[in-house]
Structures are given as structure tokens and as C-alpha cells.
Amino acid sequence: MSRDPYEILGVKRDAPQKDIQSAYRKLAKRLHPDLNPGDKQAEDKFKEVSAAYGILGDEEKRGRFDRGEIDSSGAEQAPRNYYRDYAAQEGQRGPYQNTGGFADFGDADDIFSSFFSRRSRGQSQMQGQDRHYTMEVDFLDAINGAKKQISLPEGPALDVQIPPGTRDGQTLRLKGKGDPGFNGGKPGDALIAVHVRPHRFYTRDGDDIRLEVPISLAEAVLGGKIRVPTPSGAVTVTLPPNSNTGKVLRLKGKGAPVRGKDNGDAYVSLKIVLPDTPDPELTRFVSDWEAGKAQDPRKTMGG
């Protein structure tokens, strides 16, 4: 006869579900076959603990077990009825009667069918529950991909491969890293919600990357080549002469990787930045620059 699942998990019959789950995780962590290679006794105890949790970890099954509707293996309990409970009412044939005169024997096929049905249900496999986690990753690790570890409160760390192009809020699935299965069932999965930390100058726009790049006044007026950072490395960009603040340059394929498709693009917004310390020569030039004084860059704004 199977042991009481409450006894196996070491919890009281009125224990809340969270205590049952906590007791199971503690025992499963200690007895898991991966942590006890070659230890047949630990393996048998792990199976026993998993079977007990398969009953008590499910509130509906736990209720049915407490009411005596199923046994500790999950098999349906046979109803405890007696011959007198099935006695025929006056003028009716009782369920134990048949034309062959064997009044106290039911149909043999029904008996064996019920037996094997209960046996099958008792040995059914159940997949383990999924486990849910969250982790933060740097912006560039999410764009370029990286291998990280997530520390678990109830066990060893998990190695997590961050795929290139991972988005903020994306959930990664680690097959078989959840709770162990019941009665030989497959383990559940680990589901990891990824939160991407903001970058100091990159922002993501769909599959594209946007950034603002400062340029000097001389570069803006004369144009030339400048080095621009991208998530995959710095590239040389040619500035056209007379490039204003707000002008946007497109760097094709320098955005976020997209599985099965071309990378997104990087969009570079220019911003003219004057020297921190005023330059007397530049001040004199602008003071004498009549065309510059005549320019009105706000004329289209009205007022």
C-alpha cells in the first residue's frame, strides 16, 4: 500500500499550498537524480516525492484525495457499495441479476475494464510545472547576443544564451529547466522575462537603432569624414558640407539583428556643438560676418 503523500512530503493535512510547494522543492533539490548520480535509493525517493506532489500540488486532486475519491497514486477509488445497496426495487431487476442466474456477479468485461482503467490513470505521466524568472541585461548584450547566468534562490545558477536582437520584455524559454515531471513525465521549462537596460546614447526603434552624434562647427560647414559608433563597432561616415543640426544619416544594416532577415539600420542625428571655451577668432569672424547676421533661421515659424 502506498504511503500517505502528506507523510512523504512531511506536511500536515491542513498545510497551505505554498507550504506543500516549498516542502516539495526542498526535497526535490536534495534528491534529484542529476545531483545524486548512481544513487538508486535517492532516485526512488525522488520518484516517491514527485508522485506525492503530483497529488497534493494540484488543489483539485488534493481535494479528491482528502475526500477519498482517489488514492495516493491518483487512481480512482472503487465505491464501497454492498449487495443490499443494489437490491432491486419491487418489480425491477437488480443490477447484479442477469438471465444466466448469476445474481451476485457483474459482467466480467466491466470488472476488468474498470480495473485497468484505474491502473492506467494511476500510472499516467505529468509534465513538470514551468518556472518563471526575470533578468536584466545590458543594451549591447541584447543587441549583439551574450551568454549570461541567472542565480536561482532555490538552486544552482542557470546558463542563459541571450540571442542577438533580443527585445525588452521578450521571454526566453529554457527547455527542461523547470520543475521535474511526475511519474516519468517530462520536466517543465524555465521562462525568463528579459529587461534591457537603457544605453547612454543608443535607443531602439523597432529593428533600427537611433543615436545623436555631436559635430564641430568646422565639420558642419566644411564636411568631411567622422567616426560614428554603432552597436557592432565604429564606422567611418562622410559628412556633406553645410550639415545642420538635426540632419539624419542612415547607416544601412547597422541596427538590430533580425532572425532570418537583414539587420535593421542605424539613424544618426547630427548636433552642432560649439567649443566649451569661447574662441576670440571665431567671435571676431561672426561679429564681422554680415551674411550671418542677415540670416533668419526662424522665419518660417512666424511671430
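A word on the ground rules: residues are numbered from 1 along each chain as its sequence is written, and side-chain values use heavy atoms, with hydrogens and water left out. Because the model is predicted, local features need pLDDT of at least 70 and side-chain atom pairs count only at pLDDT 80 or more, while totals for chains, interfaces and linings use all residues.

Let's start with the helices. Helices (H or I, at least four residues) and strands (E, at least two) are DSSP runs, numbered from the N terminus. Helix α2 (residues 17-31) packs on helix α3 (residues 40-56) at about 165 degrees, and their axes lie 9 Å apart. Those axes are lines fitted to C-alpha atoms, for helices over the stretch in contact, and angles run from 0 to 180 degrees between N-to-C directions. So α2 and α3 are roughly antiparallel to each other, a label for angles over 145 degrees.

Who touches whom? On the α2 side, Q17, I20, Q21, Y24, L27, A28 and L31 meet A42, K45, F46, V49, S50, Y53 and L56 of α3, with contact meaning heavy atoms within 4.5 Å. The residues of this contact split into 10 nonpolar, three polar and one charged. Here Ala, Val, Leu, Ile, Met, Phe, Trp, Tyr, Cys and Pro count as nonpolar, Asp, Glu, Lys and Arg as charged, and the others, Gly among them, as polar.

On to the strands. Two strands pair if DSSP finds at least two bridges between them.

| Strand | Partner | Bridges | Residues opposite each other |
|---|---|---|---|
| β7 (residues 208-215) | β11 (residues 266-272) | seven | L211 and V268 |

β7 and β11 belong to an open sheet of four strands, in the order β6-β7-β11-β10 with mixed pairing. Its edge strands, β6 (203-205) and β10 (248-251), each pair on one side only. Ignoring direction, neighbouring strands in this sheet are turned by 30 degrees against each other on average.

Strand β1 has two faces: R131, Y133, M135 and V137 are on the covered one, and H132, T134 and E136 on the uncovered one. In a regular strand, side chains alternate between the two faces of the sheet.

Finally, a look at N242, in the loop between β9 (235-239) and β10. N242 isn't a glycine, yet its phi is positive, about 60 degrees. Is N242 buried or exposed? N242 is exposed, with a relative accessible area of 60%; the cut-off for exposed is over 50%, using a 1.4 Å probe and protein chains only.

Definitions and conventions: Parallel < 35°, antiparallel > 145°, perpendicular 65-115°, else oblique. Buried < 20%, exposed > 50% of the residue type's maximum accessible area, 1.4 Å probe, protein only.
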